[in-house]
Amino acid sequence: MNDVEDMGPVDYLVVEFPGNRMTGEGFPLLVDLVDRGIIRILDLAFVRKEADGSVAALELRDLGGETDLTVFQGASSGLLDQDDIDEAGKALEAGNSAAVLVYENLWAAPLARALRRSGAQLVASGRVPVQALLASLDAVEGTPPPGGSAAA
């Protein structure tokens with residue numbers, strides 16, 4: 001792994017596949033992000049939550065189906081351990097599987113380096129769910145402008 005001081009922010013995603021149905025439609029887009037230098041995959045793991053609530057890590061070869069995931073073979077930095085897999089499993093419904101992705105935001109690395117050199121540090125981070133954003137926009141559009149009324 002690069003020197004930590006040179007890295008961009010690192011994020012993770014847990015993407016659930018209901019009924020263990022993984023079409024693979026998003027994977028070429030993930031490869032494209034890597035190829036364009038926007039992100040770097042640090043870890044990619046697949047898990048399944050059984051009906052009894054137990055969580056098991058899956059090997060790429062266990063996923064089978066029509067999805068060719070060989071491009072992701074070896075995408076493991078060792079950051080994810082069994083505790084992380086178990087934690088990801090808590091977010092899943094029984095009978096579903098998920099991809100757990102840890103990635104570096106390469107696009108933000110120059111900014112992160114400059115901020116570190118100046119002594120700045122990231123003290124908070126978060127995401128706004130798309131549903132919350134849409135609800136806020138709907139609320140704003142339905143609100144009369146200040147000092148006026150909404151036109152019909």
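**Lys49**

I started with the side chain of Lys49, which reaches the backbone oxygen of Leu92 at 3.0 Å. I take a polar contact as a pair of N or O atoms within 3.5 Å; within protein, one must be able to donate a hydrogen and the other to accept it, and residues adjacent in sequence count only if both atoms are side-chain atoms.

A note on what I'm looking at: this is a predicted model, where local features need pLDDT of at least 70, side-chain atom pairs count only at pLDDT 80 or more, and totals for chains, interfaces and linings use all residues. Residues are numbered from 1 along each chain as its sequence is written, and side-chain values use heavy atoms, with hydrogens and water left out.

Where does Lys49 lie? I found Lys49 in strand S2, residues 39-49. Helices (H or I, at least four residues) and strands (E, at least two) are DSSP runs, numbered from the N terminus.

Next I looked for a charged partner. Lys49 is buried but has no salt bridge, and the nearest side chain of opposite charge, Glu93, is 7.1 Å away. For charge, Lys and Arg count as positive and Asp and Glu as negative, while His and the chain ends are not counted. A salt bridge needs a side-chain nitrogen of Lys or Arg within 4 Å of a carboxyl oxygen of Asp or Glu. Buried means under 20% relative accessible area, exposed over 50%, and partly exposed in between (1.4 Å probe, protein chains only).

I also checked the neighbours, leaving out residues up to four places away in sequence: Lys49 touches Ser54, Val55, Gly89, Lys90, Leu92, Glu93, Ala94, Gly95 and Asn96. Contact here means heavy atoms within 4.5 Å.

**Salt bridges**

- Arg40 pairs with Glu104, their closest N and O atoms being 2.7 Å apart. Arg40 lies in strand S2 and Glu104 in strand S4 (residues 97-105), so this pair ties together parts that are 64 residues apart in sequence. Glu104 is buried at 1% relative accessible area, whereas Arg40 is partly exposed at 24%.
- Glu50 and Arg48 meet through their side chains at 3.0 Å, N to O. Glu50 is partly exposed at 29%, and Arg48 is partly exposed at 28%.
- Glu87 bridges to Lys90, with 3.3 Å between the closest N and O atoms. Both lie in helix H3 (residues 82-90), three residues apart, about one turn of the helix. Lys90 is exposed at 61%, while Glu87 is partly exposed at 48%.

**A nonpolar patch**

Which residues form the nonpolar patch on the surface? I listed Val128, Val130, Leu133, Leu134 and Leu137, with about 480 Å² of accessible area together. Patches are made of residues with over 30% relative accessible area and no salt bridge; like charges are joined within 9 Å, nonpolar side chains (Val, Leu, Ile, Met, Phe, Trp, Tyr) within 5 Å. Leu137 sits in helix H5, residues 130-141, and is partly exposed at 43% relative accessibility.

**The whole chain**

Stepping back, I counted five helices and four strands in the protein chain. From the N terminus on, the order is β-α-β-β-α-α-β-α-α. Of the 152 residues, 26% count as buried. Among contacts with a separation of 6 or more, residues 24 or more positions apart account for 83%.

The chain exposes about 10,400 Å², and carbon and sulfur atoms supply 55% of that. Accessible areas come from the Shrake-Rupley method with a 1.4 Å probe; for residues, only the protein chains shown count as cover.
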